[in-house]
Amino acid sequence: MSADINKLEQIASQVRRDIVRMVHACQSGHPGGSLGCTDYFVALYFYAMKNDPSFNMDGIGEDLFFLSNGHISPVFYSTLARAGYFPVSELSTFRKIDSRLQGHPTTHEGLPGIRIASGSLGQGLSVAIGAAQAKKLNKDNSLVYVLMGDGELQEGQVWEAALYAPHNKMDNIIAAVDYNGAQIDGPTEQVLSLGNLRAKWEAFGWDVMEIEKGNDMTSVIQGLDEAKSRTGKGKPVMILLHTEMGNGVDFMMGSHKWHGIAPNDEQLASALAQNAETLGDY
């Protein structure tokens, strides 16, 4: 399947508009990481994954995605809505009382597309590996994807899972790390250095690749194609996805400040001016 890069970029522009509008409306949320991961989410749901918006929780016969760093829920919700999982108009309820679109994704609300409650960091990789094992037991050849934050790798459970997957030859999983070098308290290297991340994952037995331009749609598409070509060969696949926090909104880019604060009215107007309305605002 070939990718329509222009169409994907148009979707990404709309998703970025959704993100800043959602966070602004409730004056709460995490725009920085959401904007940085927009191109990855759009490429995943509108190109790479075999997924069904009608949604059933068991996911038999389709690719599965798990969001581990659940605080970037705005990009997840927008992508799911734009992909047809639930009405786009529901994005207006983000973080409101009794909304299905909570600040961190939950399953008890029954929101289509959400398979785990996430936000307590460090757990998503373990869940994804469990799902990948289930697929092998069921002789289901579909893939399992999971996204983590680089700051999240400071959690110990991640490394228990990192040991487990290669030992059990979980070669139907494609994990990715949002490698933006920033977390809530500042640059990741200053808070708790991750060292040579590629060497670490390789030492644990993963097949590691990097997408150097994680905010360039063509590069992301090529990277996901490469990742899929490496599955089924005895090793789990790890993508180090180099992104920029706040990508697409100039005043948010490159600063951990925008990890978890909302834009004011003037900042929202500036952010929207930088991202064209391509699919219609909710």
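Residues are numbered from 1 along each chain as its sequence is written, and side-chain values use heavy atoms, with hydrogens and water left out. In this predicted model, local features need pLDDT of at least 70 and side-chain atom pairs count only at pLDDT 80 or more, while totals for chains, interfaces and linings use all residues.

**Exercise 1. Cavities**

Solution. 

Step 1. On a 1 Å grid over the protein atoms alone, a cavity is a set of points where a 1.4 Å probe fits but cannot get out; lining residues have an atom within 4 Å of a point. Points are joined across faces, edges and corners, and a volume is the space filled by probe spheres set on the points.

Step 2. Residues lining the largest cavity include Tyr45, Met49, Phe55, Phe65 and Arg115. Its lining comprises 6 nonpolar, 2 polar and 3 charged residues (nonpolar: Ala, Val, Leu, Ile, Met, Phe, Trp, Tyr, Cys and Pro; charged: Asp, Glu, Lys and Arg; polar: the others, Gly among them).

Step 3. Around the second largest cavity, the lining includes Phe66, Phe76, Pro105 and Ile116. Strand β1 (residues 64-67) gives the largest share, 3 residues; strands (E, at least two residues) and helices (H or I, at least four) are DSSP runs, numbered from the N terminus. The class counts are 7 nonpolar, 2 polar and 1 charged.

**Exercise 2. Pockets**

State the volume of the largest pocket and of the second largest pocket, and characterise their linings.

Solution. 

Step 1. A pocket is an open set of grid points with protein on both sides within 12 Å along at least five of seven lines.

Step 2. The largest pocket has a volume of about 270 Å³. Of its 21 lining residues, His71, Leu121, Glu152, Gln183 and His259 lie nearest its centre. The lining divides into 5 nonpolar, 12 polar and 4 charged residues.

Step 3. The volume of the second largest pocket is about 150 Å³. Among its 13 lining residues, Asp58, Leu64, Ala131, Ala134 and Lys135 are the closest to its centre. The elements giving two or more residues to this lining are β1 and α5 (124-137), and α5 supplies the largest share, 4 residues.

**Exercise 3. The sheet**

Give the strand order of the open sheet and its pairing.

Solution. 

Step 1. Two strands pair if DSSP finds at least two bridges between them.

Step 2. The 5 strands follow the order β1-β2-β3-β7-β6, with parallel pairing. β1 and β6 (207-211) are the edge strands, each pairing on one side only.

Step 3. Strands β3 (residues 173-178) and β7 (residues 237-241) are joined by 5 bridges; Val177 has Leu240 in β7 as its bridge partner.

**Exercise 4. Helix packing**

Classify the relative orientation of α1 and α10.

Solution. 

Step 1. Helices α1 (residues 5-26) and α10 (residues 265-273) pack at about 170°, with axes 10 Å apart. Axes are lines fitted to C-alpha atoms, for helices over the stretch in contact, and angles run from 0 to 180 degrees between N-to-C directions.

Step 2. Angles over 145 degrees count as roughly antiparallel; α1 and α10 are therefore roughly antiparallel to each other.

Step 3. Arg17, Val20, Arg21 and His24 in α1 meet Asp265, Leu268, Ala271 and Leu272 in α10, where contact means heavy atoms within 4.5 Å.

Notes
Parallel < 35°, antiparallel > 145°, perpendicular 65-115°, else oblique.
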